[in-house]
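Please keep the sequence and the model in view while reading.

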Amino acid sequence: MSVHTKHITHWLNARFEGNKPDAEIDNVSIDSRSLQNNSGTLFFALAGQNRDGHQFIPALIEKGVQNFVVNHIPHGSEGKANFFIVPNTLTALQDFAINYRQLYNFPVIAVTGSNGKTIVKEWLNYLLSPDYNIIRSPKSYNSQVGVALSVIGINEHHDLGIFEAGISTVGEMEKLEPIIRPVIGILTHIGSAHDEGFESRDQKIAEKLKLFTHVKTLILQNNPQVIRLVPYGVHTFTWGFNDDNAVVSIHCKVISGSTQLTFNYRGTFTVNIPFTDDASVENAISCAMTMLSMDYSHETIAERISGLYSVELRLQVKTAINGCTLIDDSFNSDYQSLKIALDFLEQQKTHQEKTVILSDVFQSGFDTSVLYRKVAKLLSGHNISRVIGIGETISRELADFPNFYPYKDTREFLANFKPSGFNDQTILVKGARSFRFDEIVVLLEEKTHETVLEINLNAVVHNLNFYKSRLKAETKIMVMVKAFGYGAGSYEIAKTLSHEKVDYLGVAFADEGIDLRNAGISTPIIVMNPETTAFGAMIAYNLEPEIYSAKELRAFITLAQQKNLSNYPIHIKLDTGMHRLGFQENQLEELISLLRNNNFVEVRSIFSHLSAADSPQFEDFTLGQISKFDKWSGQITEALAINPIRHILNTSGIYHYPEAQYNMVRLGIGLYGVGNDAVEQKFLQNVGTLKTVILQIKQVPAGDSVGYGRRFMAKQPVSVATLPVGYADGIRRAWGNGRGYVTINGRKAPILGSICMDMLMADVTGIDCKEGDTAVIFGEGPTVHEMAKVLETIPYEILTSISQRVKRVFYKE
Ligand SMILES: *Cc1c(COP(=O)(O)O)cnc(C)c1O
């Protein structure tokens, strides 16, 4: 991007005041925390609910930002930068996007509807990426601000756009339409989401359809209730199930886990998709219709749509030899999934160096040299340090690629493999199944221990969304990743959460926050137990302290003053009944007087913690805590005339007392898949599965004993499986001696005798199993709930006790 100040003034219809009227900007920001803010940034000072972008301008000027869109120049900043003064900065951001969009004149697809927008966008990206350089909305950036920012991401390399738009009330789509200015429109499923923002379903549909006022083609299901609301003159391209009134009639047949769709349009053709649920079928149809409208051949459509499964593919992240991280994608190798894997690789910030091990790439419909030219372009766009090509075609076609190491086949690579060739880097292993890259994965994987805690990152996102769905859309979410993400691994969890745009992360100690910052996490982080000795480090790493006493506050202010800080964010903790940390009622006066007229720190939030939100019998007590919080926090905000975020709910609070959500909640255990009761549990997905393998199986005759102290005596002959996991891994000894069990091949195997330090023995009599088979210690069953009950403790303790020597393996689809 390169936009001259005079265009900006004109685009925004702004009044210009500044000392550098001849500047160029090359990026746009609304986030004062963004690391990308620099002298080429145009910063829009948006007024949010809790913060007003204007207040960050002095600090941004310090950092070198020189161009600001404002509705007034903050006091003291006059003459220090360029200001574009407008009545409304959000409207200005949208005007900027509208004008910027007009600089580019390539096809743009817009997707709206109640459900399926993001998946259709992602699938289309997958389906069309062999032929286009696509710009698409990141994640579900579909709001009034998100759409503008997505469009501003366009650059000269793109030749197709796919943007989604979401609205919650009338009048919103009119603003988004000129920003996106789509040529092809897709209306996905219309459901009840956001009904409350409209007078009627008709009004909602009509509002959504405004996105398509200027499209050449509108793709939608032939539904009379919707069709009659389509703006006059818009060309529709409709589909329907066995519907002769639709332009494309589709016959749908479910065959053992997949769906066969026969399209009737300029002849017939059949597409198989590996899904059977209605939503996926409709979304796949929207994609096929788009390809039809873009004149793709029936064969290409059928072939690419049948590959949709790879979008859902599990990309496994594993710890590998010599401090490396491995992304295992040894399943297939086509252009689209290569692009997805490279994007995923790029998000991994743990190591700077990146190696890709890639087999021959398969993609019908392309000339070999054209295909590999595209592959080379993709690779060079992703900052790969080294490419190892395995296969005759790739060896030949990429021969001139920088840092390229060719091997004729997997066997040749394996024969020459030296572990010392891989150090402290991320390795993507990507190959078609026939290349047997699983053998490469075996060599690269770290094999310290057969026991792993497998973490399902999709379940993490699912659980996050479940709690979100119980909150108002505008309520912020802080997620607790303390204690190594409740044992699940703080960095990977934090990365997933920052991707999901949670507002805050919570850690217990400063060093946990520092580790996250070093790993590239930029989400705001609150440190719950800040020790005075760590204040300096916290400031250096942009970590925000919980302040629970006047003494602590004084110490922090003194340091902030020494370091010349202004408005450093702090979080005030009130003790409303937990009696752990926090200000009590009689200390509020002192707190207020310390904060009054103090510009070194800024109260970013005020909060308290519930001590019994999960116990119905203490409901009165909890409501009492909430009302104290309400009163005391009100006293502070009034006395200081501030409007910080307020928050009191933890997981069980969110579930039982949503009316007390204020502006933020603090989600903990629920994210990790553990609910408070059986009903809540039903909505959650299991996140962690502790697994190991059977080392040995032996037959023990009646009368013999098993394990230390002969605590298990065989009354009849038993088959005993020995597993390499023990109390040093965090499995409590009390779980042995017939109280606990493991699951092997779907069957319960009771633990025999005492659990040893590094091993335990289980009864596999009558269970069909062999050495090397997997045993589940906890996960879907036994659940941590079940274990906690038997062990008379709480799931938190079970999760956080799993030793760090147990390898964490993360996967997501
Ligand atoms: C740990 C913690 C939470 C999260 O609690 P859960 O019960 O796991 O949801 C919230 N707030 C504070 C202050 C905490 O220490």
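## The hairpin of E14 and E15

Strand E14, residues 248–255, and strand E15, residues 258–264, are paired in the antiparallel sense, with seven bridges between them. The model in which this pairing is found is a predicted one. Together E14 and E15 make a hairpin that has two residues between the strands. In the turn, serine 256 has a positive phi of about 25°.

Individual bridge partners can be named along this pairing. Isoleucine 255 has serine 258 of E15 as its bridge partner. For isoleucine 250, the bridge partner in E15 is phenylalanine 263.

## From the hairpin to the sheet

Strand E14 also pairs with strand E13, which covers residues 236–241. Here the sense is parallel, and the pairing runs over three bridges. Phenylalanine 241 stands opposite isoleucine 250 of E14. In general, the strands of a sheet pair through backbone hydrogen bonds, in either a parallel or an antiparallel manner.

These strands belong to an open sheet of nine strands, in the order E9-E10-E8-E11-E12-E13-E14-E15-E16, and its pairing is mixed. Strand E9 (134–136) and strand E16 (268–273) are the edge strands, each of them pairing on one side only. On average, neighbouring strands in this sheet are turned by 20° against each other, direction ignored.

## Two helix pairs

Two packed helices are described by the angle between their axes and by the distance between those axes. Helix H1 (residues 5–12) packs with helix H3 (residues 89–101) at an angle of about 115°, and the axes are 9 Å apart. That angle makes H1 roughly perpendicular to H3. The crossing of H1 and H3 is right-handed. On the H1 side the contact involves Ile8, Trp11 and Leu12, which meet Ala92, Asp95, Phe96, Asn99 and Tyr100 of H3. Sorted by class, the contact of H1 with H3 has six nonpolar residues, one polar residue and one charged residue.

How are H11 and H12 placed relative to each other? The axes of helix H11 (residues 335–347) and helix H12 (residues 368–380) cross at roughly 5° and come within 11 Å. H11 and H12 are therefore roughly parallel to each other. In their contact, Tyr335, Leu338, Lys339 and Leu342 of H11 meet Leu371, Lys374, Val375, Leu378 and Leu379 of H12. The residues of this contact divide into seven nonpolar, no polar and two charged.

## Domains of the chain

According to the domain assignment, the chain has domain 1 (3–93), domain 2 (104–305), domain 3 (316–446), domain 4 (454–681) and domain 5 (688–812). Between domain 4 and domain 5, the C-alpha centres lie 37 Å apart. Their contact takes 17 residues from domain 4 and 15 residues from domain 5.

## The surroundings of glycine 781

Glycine 781 lies in the loop between strand E40 (774–778) and helix H26 (784–790). Which residues does glycine 781 touch, not counting residues up to four places away in sequence? They are Tyr741, Thr743 and Val776. Glycine 781 and tyrosine 741 are 40 residues apart in sequence, while the distance between them in space, C-alpha to C-alpha, is 9.3 Å.

How values were computed:
Residues numbered from 1 in each chain as written. Predicted model: local features only at pLDDT ≥ 70, side-chain atom pairs only at ≥ 80, totals over all residues. Heavy atoms only, no water. Axes fitted to C-alpha atoms, helices over the stretch in contact; angles between N-to-C directions. Helix = DSSP H or I, 4+ residues; strand = E, 2+ residues; numbered from the N terminus. Parallel < 35°, antiparallel > 145°, perpendicular 65-115°, else oblique. Left-handed = near helix turned anticlockwise from the far one by under 90°. Contact = heavy atoms within 4.5 Å. Nonpolar A, V, L, I, M, F, W, Y, C, P; charged D, E, K, R; others polar. Pairing = 2+ DSSP bridges. Domains from an automatic or database assignment.
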